[in-house]
Amino acid sequence: MYEIIQSAKKRLCKRLLILGHHYQREEVLVHADLIGDSFQLSKMAAERSVYSDGVNDSVAECEIIIFCGVHFMAETADILANSPSNLAKRGGRRVNVILPDLVAGCSMADMASYESVSDCWEQLSNVIDINELIPITYVNSSAELKAFCGERGGIACTSGNAEAVLKWAFSKGQRILFFPDQHLGRNTAIKMGIPTSDILVWRRGEPELGGNSLETICNSRILLWDGFCCVHQRFLPEHIDEIRNAIPNVRVIVHPECKQEVVMKADEAGSTAYILKRITESPDGSSWAVGTEGRFVERIAKQNPNKIVVNLAFQPSYCSTMGLVTLQNLAEMFQHIENGNPINIIKVNENIANNALIALQKMLANS
Ligand code: SF4
């Protein structure tokens, strides 16, 4: 498999770009041209599909992006790489974005459907001034929900720029509807000093107002969708107590998709890119317990042999859908590309893509 992929990469050369998310399997990531979190990879997809020298635009040779990640990431890459301005620079030529396994989704993204968020919006529009409500979608969501935000004066965010995005939203309106991850929304709001009494959870399945009273909704500043990441949900405050007992002077760093009580107890919290930077730049001999996806933690540990880097929980927490991309299906993608019939192309509907682009461009501008 390794040989098939490497020789095909050489033949395709600059026509192909492989993007790999930090949570991917090691044997897949060795083939990636660029590795990053969803935010970094989105930016790379946008930038590397069109090269600009700052004076005269010159068209990149990239024709295909293989996105080793999950579905919403490939959608975002398609929207950014094939934005109207990028298409114009390439004379209308599209860059095909391929997801090696179409089943690779995100359970958190699936917790907020377009229909359920639209229903929430409609219910709220009956009880509050909807013009004062700013929708924010975490980038871990479908293109339809990004379009929903783009159409309604809203914005997308990542775990790396959630605070800047919330500040932007409060400059535009009184109140925020944040989906799908309640924990990123809550942790960011608390970090900004917003009292917990101003933060509500909209519970799917409740017959009216997400299980809230009209009065609490009117007094709230942030309404959080009740979604979560099952990978980060597994970390508990007890794990922090246990690791502090086991490793003296350990520094606990967690992802803001973890629960509030875990983030509050940790020494620091930040995006995947932040965690990587902090540990990489820390002095030799330092000790870290990391509350995020297991494959990523194991890779940081390998890259930092002179430091102690361990999973926060005794049992590592792996993202099963990220793990669906394998050497076999990566090699299969190459065979289809070289035979002239690429498969698993992710192409977002044009109208949805245009509206989603509005929310994504604001997100990039607030990074
Ligand atoms: S780690 Fe969580 S948020 Fe990220 S892709 Fe997996 S399920 Fe989704």
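Okay, hi everyone. Two bits of housekeeping. Residues are numbered from 1 along each chain, as its sequence is written. And since the model is predicted, local features need pLDDT of at least 70 and side-chain atom pairs count only at pLDDT 80 or more, while totals for chains, interfaces and linings use all residues.

Let's start with the domains. The chain splits into domain 1 (2-104 + 323-349), domain 2 (108-229) and domain 3 (235-311), with bounds that come from an automatic or database domain assignment. The centres of domain 2 and domain 3, taken over C-alpha atoms, are 28 Å apart. Eleven residues of domain 2 are in contact with eleven of domain 3; contact here says that the C-beta atoms, placed from the backbone, lie within 7 Å. On the domain 2 side of that meeting place, you get three nonpolar, six polar and two charged residues. For those classes, Ala, Val, Leu, Ile, Met, Phe, Trp, Tyr, Cys and Pro count as nonpolar, Asp, Glu, Lys and Arg as charged, and the others, Gly among them, as polar.

Next, the ligand. Which residues are the closest to it? They're C106, M108, C229, V231 and C319, out of 13 residues that surround the ligand. To be near, a residue needs its C-beta atom, placed from the backbone, within 6 Å. The shell has nine nonpolar, three polar and one charged residues. Helices α6 (107-110) and α12 (230-233) each give at least two residues to that shell. By the way, helices (H or I, at least four residues) and strands (E, at least two) are DSSP runs, numbered from the N terminus.

Last one: R15, in the loop between α1 (2-12) and β1 (16-21). Why does R15 count as partly exposed? Because it has 13 C-beta neighbours inside 10 Å; buried takes 20 or more other C-beta atoms within 10 Å, exposed 12 or fewer, and partly exposed is in between, with C-beta atoms placed from the backbone. Leaving out residues up to four places away in sequence, R15 touches E61, C62, E63 and I64. R15 and I64 are 49 residues apart along the chain, yet their C-alpha atoms are separated by 6.3 Å. Thanks!

How values were computed: Contact = placed C-beta atoms within 7 Å.
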